[in-house]
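I opened my notebook for a walk through this one.

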Amino acid sequence: MSKVSLYGASGHAKVILDIIRSIEGLEIGFIFDDNPSVTQLLNHKVLKPSDFPEQFQRYPLFLSIGNNSTREHLMQRLNSSSFSRALVHSSAHISEETKLQKGSVIMPMAVVNAFTKIGEHCIVNTGAVIEHDCSLEDFVHVSPNATVCGGVTIGKGTHVGAGAIIIPEIKIGEHCVIGAGTVVIDHIPSHSKVVGNPGRII
Ligand SMILES: CC(=O)SCCNC(=O)CCNC(=O)[C@H](O)C(C)(C)COP(=O)(O)OP(=O)(O)OC[C@H]1O[C@@H](n2cnc3c(N)ncnc32)[C@H](O)[C@@H]1OP(=O)(O)O
């Protein structure tokens, strides 16, 4: 049985715990959070990394934090080799031709189709669909029920909101926010916030 420790004890971490339970041969090591007021996650004790340095290094870590910038900042602070494999819920469908990098999570009922690349520390949230030939750079979050059509590129740290639709072959830059329910029909430059149908930059 191999173990993984979580860094982050928020609502997102509760779902990550469920995913770990769904993966045969994997179990939870420790759970860490920097916030000293967070002491418990479900039935697990939450430890502050600076108070438990030995435990912090014992098992590979998984960043269980939903916010893209926070994941990116923490990653810069820590050694990349401390991080674990990707986590895929047993109900998700991942093509054998998908390239999935470490630290990313594919949540329940999500679909990732052929020849798509998912970078490091990405979140493909519940029921999201990433079609064929897409590329998601590191720290992207595709929220529940969003649809990313074929051949789409999404830059580092971009957040695609719940239920958004990105039509085929669109390029979205880095650190963008695509609002919930937005329909993106044009290329989007980095650092844009986009809402509505058709999507407009605000
Ligand atoms: C498991 C999980 O829960 S994963 C979490 C998934 N989270 C999400 O999907 C949330 C995505 N976030 C949003 O959609 C937010 O509304 C944002 C980030 C796009 C905008 O937030 P803010 O910057 O605070 O914008 P604000 O609320 O001030 O709205 C600005 C304008 O955009 C409009 N607007 C905001 N969001 C949307 C939206 N999703 N669709 C259409 N219009 C929108 C507002 O009505 C407002 O219009 P107005 O200027 O004409 O009054």
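Before counting any pairing, I noted the rule: two strands pair if DSSP finds at least two bridges between them. I also kept in mind that this is a predicted model.

**Entry 1, the sheet.** I started with strand E1 (residues 2-7) and strand E2 (residues 26-32), which run parallel and are joined by five bridges. Within that pair, I found Lys 3 opposite Glu 27 in E2. Then I traced the whole open sheet: five strands with mixed pairing, in the order E3-E4-E2-E1-E5. Strand E3 (40-41) and strand E5 (61-63) are at the edges with a single partner strand each, so one side of each has no neighbour in the sheet.

I looked up the UniProt record, an unreviewed entry, and its "active site" annotation covers His 132. I located His 132 in the loop between strand E13 (129-130) and strand E14 (135-136). Leaving aside neighbours within four places in sequence, I listed the contacts of His 132 as Asn 113, Ala 114, Thr 116, Gly 150 and Gly 151.

Which residues have the most contacts inside the largest nonpolar core? I got Val 124, Leu 136, Val 142, Ile 166 and Ile 178, in a core of 27 residues. I followed up on Leu 136: beyond four places in sequence, its contacts include Cys 122, Val 124, Ile 130, Val 142 and Ile 154, and also Lys 117. Another core, of 19 residues, lies apart from the largest one, and Leu 6, Ala 13, Ile 31 and Ile 123 are among its members.

Terms used:
Residues numbered from 1 in each chain as written. Predicted model: local features only at pLDDT ≥ 70, side-chain atom pairs only at ≥ 80, totals over all residues. Heavy atoms only, no water. Helix = DSSP H or I, 4+ residues; strand = E, 2+ residues; numbered from the N terminus. UniProt positions renumbered as here; feature names shortened; annotations may be inferred. Contact = heavy atoms within 4.5 Å. Core = buried A, V, L, I, M, F, W, Y, C linked by side-chain atoms within 4.5 Å. Buried < 20%, exposed > 50% of the residue type's maximum accessible area, 1.4 Å probe, protein only.
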